Structure formats: C-alpha cells, structure tokens
Amino acid sequence: MPFARLATATTPTCHIGLGLAAVGRPGYINLGRDEDLGEDRSVETLRTRTHELLDAAYAQGVRYFDAARSYGRSEEFLADWLKDRPGFDDIVVGSKWGYTYTADWSTDAEKHEIKDHTLAAYERQRAESGALLGDRLDLYQIHSVTPDSPALSDKELHAKLAEAAAQGLTVGFSTSGPAQADAIRAALAVTVDGEPLFRTVQSTYNALETSAAPALAEAHDAGLTVIVKEGMANGRLAGPHAPAVLKEVAEQAGLGCDAVALAAILRRPWAGVVLSGAATTNQLASNLHAAVVDLDDDQLARLATLVEEPHAYWERRAQLPWH
C-alpha cells in the first residue's frame, strides 16, 4: 500500500493532500474562481500555477497528490513536475478514470466531462494515465461511483482491476451524490477470487455533508485508506461564503474558516488523507493550518449544526455554475 509511506512521515501536514481539480482545467464549479485565477487561464499559465502549488505543498510536508483524467491537463502538469524532481520518492500519486474531459480548455462548454464506467473506458484511460505518469502512478480510482454504477457489477472489469493490483497498482474508488454510503458499502462487497478488490475510498465529507461518515468508518475498519474530498464544499465554507457559525469558531481559533473546516475532518478517526483543493499558494498555506487547529467539544457541537440534508446539499452543488 503506497499510503504506508504517509504512516512513517513526521510532518503534521502529511495527512493533508493536494487535489488538482481546481488548477488542471480553466473551468470548475468552485466559488470565487474568478478572483483566484483571473482572466489568463492559458495552458501554460495553469501549468505554472500547478507547479508552484506542488512545490509549495511539498515544501510544507504534503505528500499525496490527486489528479484525474477529467481534470483537464492535471495528470500532464503533475507528470511534468515529477520528471523534474526524480529524487522526490516519498510522494504518493493518485488519479482517477471514468470521466472524459470534453471542454477542450473552454469555460463555457455545453458539457465539461462525460461519465463512462465501462471496461473499454478503463482500458483506454489506463493507457492514457500510464503514458503520462508511468510507474509514478500509485493509486488508480474509479471516478464518482454511485449505487447504480456498472463498475460495481462488471466482473470482467473487476478481473482487469485485480490484474493491475497484482502488478502493484493500488485500486480504489471515489463516490459522489446523496447515496454515497450505499455506494461505499456496495464497493466494499466487491471481491475477486475471494479477496476485496478496493483498497481506498475517496468521498465527499464536510461540515455541510456528513452522511457518508458511518460507511467511511466501516471502510476504515475493513482496512481501506479513506481520502476525503470537497472538505470546503466547493468554496461554500471558505471565508467570503462561510456560514456565521463557522466564522465565529474560526475567529475564536484565530485562523481561517478553511483551516477550521478541514481541521474538523482531520479529527475523524477514519480520515486517512484530507484533500486541499487550493487554487493559490496563499489558500494552500491557510488550508495547511488545519493540521494544528485544536477544536473543543463546544466548537465541534456548534459546527455540527451546519449539517444539511444530503439531497438538498447535492442539489445545490449541481446548481453551481462552471466558470
């Protein structure tokens, strides 16, 4: 398991990872994106920005980096960065397959990505990821599994994934939508030759959306590494947009709303890696303060009042515009 490398790390930030969804493509659904990126979102500008973020993250103890085939050129940007730093051998690199990026570097495309969990899609995208990342790819995840995903029942696909695992690639999955817990439990039941197929799960969990927590605890108890994504709820928990309760707790802690929101996730005993989705080095630095935030029971209880009903949360997320 590549995540054993994180278990031996000594930096307080080693359990915070950097996700590249926000900088691998010009359009995304995060709030505040125009302020973060400005008007110049050329390939080279975002390549440079991504490399600056990766340098800053590594220098501050971050060791897990998360990309996807559908995150524009995120794999390419990460691969370029890795090639120039062959001595960085303590990094864990994850990517995902199952969505194809279709926006052609546009922010106003009709569709930015198309989902396809078939065996043919896996084989095509596995070759594409391999061509860029080679043997630096540690973890390959099925992107956004839902309970009705064919990836949960396709035995031929399972056999191919088990074959990749036997060759040293860690196989995982991510989830999305209001039925994340059902998807997690269904994936935990997937076996090949009597052995569990998946070794990691990446799910949305934050102060507003906590419904996956019991299933994530079960996954952790079953031996999977749990990766938490969207801890900032696509910017809804960042300073300018944060609810009043979060702002009050952050003021008490003397840190940003983002650090407090991520710190609350890091406290979960099942959380192995919590992703920062920072688009600027200042955001990253603020996010990384989460590793040293000490929240008391009263503050945690107040944050718990922010929880939304899952369908309402995901409906609102679906309404966030790409920009």
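Let's start at L18, which, leaving out residues up to four places away in sequence, touches L53, L54, A57, V62, Y64, F65, D66, L275, S276, A278 and L284. Keep in mind as you look around that this is a predicted model.

L18 also takes us into the largest nonpolar core, a set of 92 residues. Along with F65, L78, F173, F198, L246 and L295, L18 is among the residues that touch the most other members of this core.

Next, turn to W314, found in helix α13, which spans residues 310–319. W314 counts as buried because its relative accessible area is 9%, under the 20% cut-off. Setting aside neighbours within four places in sequence, the residues in contact with W314 are S176, G177, P178, Q180, T204, E209 and E230. For a sense of distance, pick out V260: from W314 it is 54 residues away in sequence, and the two C-alpha atoms lie 22 Å apart in space.

Finally, let's visit two cysteines. C14 has a relative accessible area of 2%, so it is buried. C257 is buried too, with a relative accessibility of 8%. What about disulfides, and how many does a search of the whole structure find? The search finds 0.

Technical notes
Residues are numbered from 1 along each chain as its sequence is written. This is a predicted model: local features need pLDDT of at least 70, side-chain atom pairs count only at pLDDT 80 or more; totals for chains, interfaces and linings use all residues. Side-chain values use heavy atoms; hydrogens and water are left out. A disulfide is a pair of cysteine sulfur atoms within 2.5 Å. Buried means under 20% relative accessible area, exposed over 50%, partly exposed in between (1.4 Å probe, protein chains only). Helices (H or I, at least four residues) and strands (E, at least two) are DSSP runs, numbered from the N terminus. Contact means heavy atoms within 4.5 Å. A nonpolar core is a set of buried Ala, Val, Leu, Ile, Met, Phe, Trp, Tyr and Cys residues joined through side-chain atoms within 4.5 Å.
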